[in-house]
Amino acid sequence: MAVSHRLLRPATTTIKNTFSSLFIRSLSSSSSGSSLDPKIDLEEAAAQLGKSSSTSTSPYKGRNFHWVFLGCPGVGKGTYASRLSSLLGVPHIATGDLVREELSSSGLLSSQLKELVNHGKLVPDEFIISLLSKRLQAGKDKGESGYILDGFPRTVTQAEILEGVTNIDLVINLKLREEALLAKCLGRRICSECGGNYNVACIDIKGDDDTPRMYMPPLLPPPNCESKLISRADDTEEVVKERLRIYNKMTQPVEEFYKKRGKLLEFELPGGIPESWARLLRALHLEDDKQSAIA
């Protein structure tokens, strides 16, 4: 299986069309796996995807949010995307979760993916697009309208494919100092019993004339989970640094792609959730009556 570094080459029209065809066929196929005419029009596919209606009770119901979260591994995309998902009444779709679900299955493909992930490599485009396509189709079948994507797109090729089948309204690019990112990733823990996510790192970075002090308290587990905490296999200093290096190299062009289209919102996280959540809502021109309680 080809690894992600080959994707750094400029994408040809043939490659893009091939991926787009795969993306649309998966979006438009029935659960029985029937194939679709490969000549289907991209605009028609996008229109069909947008016809579903939301059943959410969110105060923002009726506004079809199509948002993307960008940001280095460990920056907190999942945390903030999940909170916004609840507030806006649209699903949070994390490609990392889709990959981990596949990794938990058995078979040759799963073992090959584990080899890539455990060495800090990115999963190839073809596989990510296939997983995401199936998830979007499943949501459409359930009547979902809108979504918040987390972890996709990571390359310009992926961004072009996504642009061909749906209209992204906003791309939120979360930023955090690398020192804090590394500490956060190394402090991540998962309860092996309930699946809860926690972080044992207490981040306290002194400020100077140019940057303010940053304090992020640990997110500790309840007593019944303390003895069941495990670390992800890929959360080692060597692997985390490699992931950050790959991310910065591959995703900078994606940031430029959306910046040129006027869709990129850069947001520097000032600290932990209580401080950052309220500021993020203000940057997005949103309100949350429960923000003080959930922060």
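Start with a strand pairing: Arg-188 has Asn-199 in β6 as its bridge partner. Keep in mind that this is a predicted model, where local features need pLDDT of at least 70, side-chain atom pairs count only at pLDDT 80 or more, and totals for chains, interfaces and linings use all residues. Residues are numbered from 1 along each chain as its sequence is written, and side-chain values use heavy atoms, with hydrogens and water left out.

**The sheet around β5**

- β5 and β6 run antiparallel and pair over 3 bridges; two strands pair if DSSP finds at least two bridges between them.
- Strands (E, at least two residues) and helices (H or I, at least four) are DSSP runs, numbered from the N terminus.

- Helix α8 covers residues 178-187, and its buried residues are Ala-180, Leu-181, Leu-182, Lys-184, Cys-185 and Gly-187.
- Buried means under 20% relative accessible area, exposed over 50%, and partly exposed in between (1.4 Å probe, protein chains only).
- Those buried residues of α8 pack against β5, β6, β7 (203-205), β8 (214-216) and α9, where contact means heavy atoms within 4.5 Å.

**The second largest cavity**

- A search of the whole structure turns up 2 cavities of 30 Å³ or more.
- On a 1 Å grid over the protein atoms alone, a cavity is a set of points where a 1.4 Å probe fits but cannot get out, and lining residues have an atom within 4 Å of a point.
- The second largest cavity holds about 30 Å³ of space; grid points are joined across faces, edges and corners, and a volume is the space filled by probe spheres set on the points.
- Its lining is made up of Phe-69, Leu-70, Gly-71, Lys-77, Gly-151, Pro-153, Arg-154, Tyr-247 and Thr-251.
- β1 (66-70) and α9 (237-260) are the elements that give two or more residues to this lining.

**The annotated binding site**

- UniProt's "binding site" annotation covers Thr-95, Arg-100, Lys-121, Leu-122, Val-123, Gly-151, Phe-152, Pro-153, Arg-154, Gln-158 and Arg-243; its positions are given in the numbering used here, feature names are shortened, and annotations may be inferred rather than shown by experiment.
- Of these residues, Gly-151, Pro-153 and Arg-154 are included in the lining of the second largest cavity.
- Thr-95 sits in helix α4 (residues 95-103) and counts as buried because its relative accessibility is 6%.
- Not counting residues up to four places away in sequence, Thr-95 touches Ile-128, Asp-150, Gly-151 and Phe-152.
- Gln-158 belongs to helix α7 (residues 156-165), and at 3% relative accessibility Gln-158 counts as buried.
- Leaving aside neighbours within four places in sequence, Gln-158 is in contact with Asp-125, Ile-128, Phe-152 and Pro-153.

How values were computed:
1 Å grid on protein atoms, 1.4 Å probe; cavity = no way out; pocket = protein on both sides within 12 Å on 5 of 7 lines; lining within 4 Å.
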